[in-house]
Amino acid sequence: MRKILLVTLTVLFLSLVAFASDPETFVNLTIGEPETLDPLHSYDTASGEVILNLYDNLIQYNGESVTDYLPMISTQVPSVENGLISPEGTVYTFPIREGVKFHTGNVLTPEDVKYSFHRYILGDPSGGPQWMIIEALTGGAHASVESWFEAYSGMPYSEAVDADKNVVSEEARQKLISFYEEVVSPKVKIEGNSVVFTLDAPWGPFMNTIAHFGSWAAITDSKWGIENGAWDGKADGWWKWHDLEPQESPYHNADAGSGPFKLVEWDSAEMKVVLERFDDYWAGPATIKNVVIWGIDEFSTRKAIFEAGDADIAYFGAPYLDQAEALAAEGKAVVTKGYPTASITSLHFNWLVAEGSEYLGSGKLDGNGVPRDFFSDIHVRRGFAYCYDGATFVDEVLNGLGELVPTDLPKGFLGYDETLPLPEFNLAKAAEEFKKAWGGEVWEKGFKIQLLYNTGNDARQTIAEMLAYFVNSINPKFKVEPLGVQWPTYLAAQRNGFLPLFTIGWLADYPDPHNFIATYYASYGAYASRQGVPFQEWAAANVDAEISAAAVSIDNQERIKLYRSVQEKVIDAAIGIPLYMPTGLNVRAPWVEGWYPHLVRSGFYYYQLSKNQ
């Protein structure tokens with residue numbers, strides 16, 4: 001093992017030496033790699049970090065603020081006062097900056113803005129981020145283009161388009177075309193040199209939703225996309241580009257942005273992304289010339305490279321706080337810790353695993369596996385929940401850089417209620433629940449199940465191992481097996497509904513409780529499909545109405561009451577385990593300047609960073 005590590009270190013050192021010797025090159029050692037570079041599909045922090053450097057949005061946040069904005073592709077930030085937001089709060093006008101160049105060489109026009117949003121709405125991939133755009137435009141009435149189409153046409157999307165993306169009838173074709181022309185197209189249209197968004201109802205988080213750091217609202221080069229096989233911009237046939245896999249998009253591993261950096265290389269085999277300064281950037285070229293984002297899952301390797309001065313930022317993670325502070329004491333690092341994060345890490349259960357999963361063992365309740373609907377039994381869910389020792393995890397694994405919370409809502413957000421019960425570690429109660437599960441069959445026959453985590457994420461690995469240890473200790477017939485896989489594999493298996501239970505973190509898309517409550521608990525939320533159809537049916541019957549009512553209410557007291565009710569229900573139903581709310585930890589070299597924390601930024605915005613060497 002030591003010999004392998006030395007060889008790995010040697011290869012990485014040699015690869016980094018050319019970069020590290022250049023003061024204009026910034027090296028970030030992280031874990032994992034992007035799933036995609038297409039803003040349509042991007043819904044993980046690794047993808048988001050690359051995209052926020054390749055692409056611009058209409059507006060951007062002003063420093064650390066999440067309520068104040070600055071212009072970006074739009075030359076002005078809309079407000080009621082400047083006349084760019086209508087008095088009733090449903091029409092937003094964005095004057096588009098002239099002379100902005102894409103990395104492709106094309107010049108950005110209002111047509112690119114319109115195309116970007118139309119493509120996002122129509123493409124709307126299952127489990128992807130575009131529900132936020134659709135939800136905002138429809139005033140919370142819809143969270144998918146399929147639901148929106150059915151409400152307009154009276155025809156379920158699945159009855160209009162078959163599995164091969166062909167229309168089933170001429171009637172269906174006309175309904176699909178009319179839906180785009182009469183419903184979608186008018187929502188984002190061009191007036192002169194401006195792009196105008198028309199919402200069905202006021203939507204408070206709209207500006208947060210489309211601001212920079214939200215990769216799902218990035219502005220892409222439409223001409224390049226059409227030439228390379230993306231949606232052709234026409235009403236007839238748009239459904240052929242709906243709900244594609246990321247790799248089916250030409251934007252998936254390419255760069256059609258106008259941001260401060262352009263893509264040089266995405267080497268998935270080495271989990272390495274290389275960016276280069278875009279000297280024609282409209283706001284002026286970045287200080288840093290090159291950026292290397294390198295996924296190195298092995299902590300000791302990351303630390304050794306960083307300690308040698310060959311990286312500028314390295315992911316340490318809360319379990320390694322002591323080692324980070326030791327480097328700081330030697331003058332080799334600057335450590336910033338304990339700052340607020342709009343984030344929750346949770347474990348959730350899949351009530352009906354998708355067919356074809358390889359993580360169910362025998363697929364039967366026979367001691368060598370579990371059935372697909374294993375977690376549809378509330379007693380199984382409660383049994384697992386009682387096996388999480390959260391206090392020990394936060395204190396000993398996170399070194400105190402985290403807090404326990406009652407549900408998947410961060411402390412400090414509207415609706416957070418400290419009187420709700422925290423997760424309880426109680427093996428006696430766990431045993432009682434397991435004895436009731438599946439009419440006693442779980443206790444009698446036992447089960448075998450795999451609990452995945454993404455390699456390099458030591459906190460998630462420890463959670464998997466801790467939970468497995470305590471569940472397995474209750475009954476010798478219980479076998480929970482932790483399994484580490486690379487991030488894209490983990491994310492794809494989770495998104496496709498193959499994981500019977502999964503740990504996932506959520507960084508706020510925008511700083512409003514709806515972004516957490518709907519995401520985790522609504523039948524239409526981003527994680528709903530990963531928890532199975534029976535969960536979605538439960539959510540639709542029990543919490544959807546309250547979640548929707550809270551989203552559109554302008555009365556904070558009413559919203560608090562509704563969110564309290566939703567949280568009580570999900571706690572009682574043991575929907576999942578809110579593992580912890582992390583507090584921030586950043587470890588960087590002493591010469592790094594310009595970094596600051598931000599509640600909703602994925603990774604680092606290298607345009608704001610420099611090296612004082």
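Buried means under 20% relative accessible area, exposed means over 50%, and partly exposed lies in between, using a 1.4 Å probe and protein chains only. This is a predicted model, in which local features need pLDDT of at least 70, side-chain atom pairs count only at pLDDT 80 or more, and totals for chains, interfaces and linings use all residues. Residues are numbered from 1 along each chain as its sequence is written, and side-chain values use heavy atoms, with hydrogens and water left out.

Figure 1. Helices (H or I, at least four residues) and strands (E, at least two) are DSSP runs, numbered from the N terminus. The C-alpha trace spans about 70 × 65 × 45 Å along its principal axes. A compact globule of 613 residues would have a radius of gyration near 25 Å, and the 24 Å of this protein chain agrees with that. That radius is taken over C-alpha atoms, and the globule rule is 2.2 Å times the number of residues to the power 0.38. Of the 613 residues, 59% are buried. Contact here means heavy atoms within 4.5 Å. Among contacts between residues at least 6 apart in sequence, 70% join residues at least 24 apart.

**Figure 2. Helix α18, residues 514-521, inside the fold.** Are the residues of this helix buried or exposed? Eight of the eight are buried, so α18 is largely enclosed by the rest of the structure. You can find them by name: His514, Asn515, Phe516, Ile517, Ala518, Thr519, Tyr520 and Tyr521. Their cover includes the helices α4 (131-137), α19 (533-542), α20 (544-552) and α21 (556-572), along with the strands β12 (343-349) and β16 (501-507).

**Figure 3. Helix α20, one of the elements that cover α18.** The buried residues of α20 are Asp544, Glu546, Ile547, Ala550 and Ala551. They cover an arc of only 165 degrees around the axis, which puts them on the same side of α20. This arc is that of the directions from the helix axis to the C-beta atoms. What covers these buried residues includes α18, α19 and α21.

**Figure 4. Helix α13, residues 390-397, and its buried residues.** Look for Gly390, Phe393, Val394 and Val397, which are the buried residues of this helix. Seen down the axis of α13, they fall within an arc of 110 degrees, so they line one face of the helix. Here is a handy rule: an α-helix has 3.6 residues a turn, so residues three or four places apart point the same way. On the other side of α13, Asp395 and Glu396 are exposed. The buried residues pack against β13 (402-403), α16 (458-474) and β17 (576-582). Just after the helix, Asn399 takes a positive phi of about 55 degrees.

**Figure 5. Ile121 in helix α3 and Val184 in helix α7.** Helix α3 covers residues 110-123. Ile121 counts as buried, at 1% relative accessibility. Val184 is buried as well, at 0%. Which residues does Ile121 touch, not counting residues up to four places away in sequence? They are Ile133, Ile134, Leu137, Val145, Trp148 and Val184. Val184 and Arg588, 404 residues apart in sequence, are 45 Å apart in space, C-alpha to C-alpha.

**Figure 6. Three loops, holding Lys165, Asp243 and Gly309.** Most residues other than glycine have a negative phi. Lys165 has a positive phi, near 65 degrees, and is found in the loop between α6 (157-160) and α7 (170-184). Asp243 also has a positive phi, near 55 degrees. Its loop runs between α9 (222-227) and β7 (261-267), and Asp243 is partly exposed, with a relative accessible area of 30%. Gly309 sits in the loop between α10 (299-307) and β10 (313-314). At 27% relative accessibility, Gly309 counts as partly exposed. Gly309 and Ala333 are 24 residues apart in sequence and 9.4 Å apart in space, C-alpha to C-alpha.
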